[in-house]
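My notes follow the display.

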Protein chains: 2
Amino acid sequence: MPTLLQIDFPFSGPFGEAMHQAMRSLAESIIEEPGLIWKIWTENAATQEAGGVYLFSDATAAQHYLEMHSARLTASGVTGIRAKLFSVNTPLSMICKGPIQ
Amino acid sequence: MPTLLQIDFPFSGPFGEAMHQAMRSLAESIIEEPGLIWKIWTENAATQEAGGVYLFSDATAAQHYLEMHSARLTASGVTGIRAKLFSVNTPLSMICKGPIQ
């Protein structure tokens with residue numbers, strides 16, 4: 001069952017291309033995580049927030065990643081992490097061209 | 001600039017196939033919304049929540065949809081809506097196979 005993970009948290013930057021440069025190595029490691037299908041990196045310089053939306057192949061992989069990543073964010077000084085795990089409603093998402101497969 | 005919208009809210013069902021049946025017509029209308037590229041429908045029966053993750057072609061379209069959809073959810077009795085708009089960090093998302101194009 002595909003599982004979606006939403007994470008967001010207060011973030012003071014870097015944003016945009018500077019974020020890309022700072023986090024390229026991290027991104028290259030994240031795509032190798034077990035069960036990860038994709039991640040979209042999110043950022044909002046106006047509200048000083050960042051995060052990600054992830055699709056995993058199953059709930060166990062998503063939960064395991066969330067625990068590891070939350071610990072990593074906390075260790076880097078991030079506080080106020082909000083994370084939610086959801087199942088995907090496949091037929092409704094298919095109607096709306098959702099990239100779930 | 002692609003813009004991601006996260007929405008979630010308390011929800012007591014229906015979930016799964018019953019949700020599909022109840023909301024198929026709504027999904028067919030949502031994919032026609034201006035600027036929408038895709039929507040993934042999210043649900044969590046255990047935590048009694050539902051929502052969606054949307055990708056729009058630009059921030060203006062995302063903001064316009066959010067205002068319309070929030071009013072529609074509120075009119076249907078939904079309270080406690082949490083919505084966040086984010087820019088997409090394109091190069092980091094590309095590394096992580098993010099479906100942003």
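Through which surface do the copies meet? I find that 100% of the interface residues of chain B are also interface residues in chain A, so the copies meet through the same surface; contact means that C-beta atoms, placed from the backbone, lie within 7 Å.

I note that this is a predicted model, where local features need pLDDT of at least 70, side-chain atom pairs count only at pLDDT 80 or more, and totals for chains, interfaces and linings use all residues. Residues are numbered from 1 along each chain as its sequence is written, with chains lettered from A and ligands numbered from 1 in the order in which they are written.

I looked up the symmetry next. Chain B superposes on chain A by a rotation of 180° with 0.0 Å of shift along its axis, at RMSD 0.0 Å (least squares on C-alpha atoms of residues with pLDDT of at least 70 in both). The two copies are thus related as by a two-fold rotation axis. In chain B, the C-alpha of B:Pro99 comes closest to that axis, at 3.3 Å.

Then I traced the strands (DSSP runs of E, at least two residues, numbered from the N terminus; a pair needs at least two DSSP bridges). Eight strands close a barrel with antiparallel pairing, in the order 1(A)-3(A)-2(A)-4(B)-1(B)-3(B)-2(B)-4(A).

In chain A, strand 1 (residues 3–10) pairs with strand 3 (residues 49–56) over eight bridges, and A:Leu5 is partnered by A:Tyr54. Between the chains, two bridges join strand 2 of chain A to strand 4 (residues 82–88) of chain B, where A:Thr42 has B:Val88 as its bridge partner.

Terms used: Helices (H or I, at least four residues) and strands (E, at least two) are DSSP runs, numbered from the N terminus. Two residues are in contact if their C-beta atoms, placed from the backbone, lie within 7 Å.
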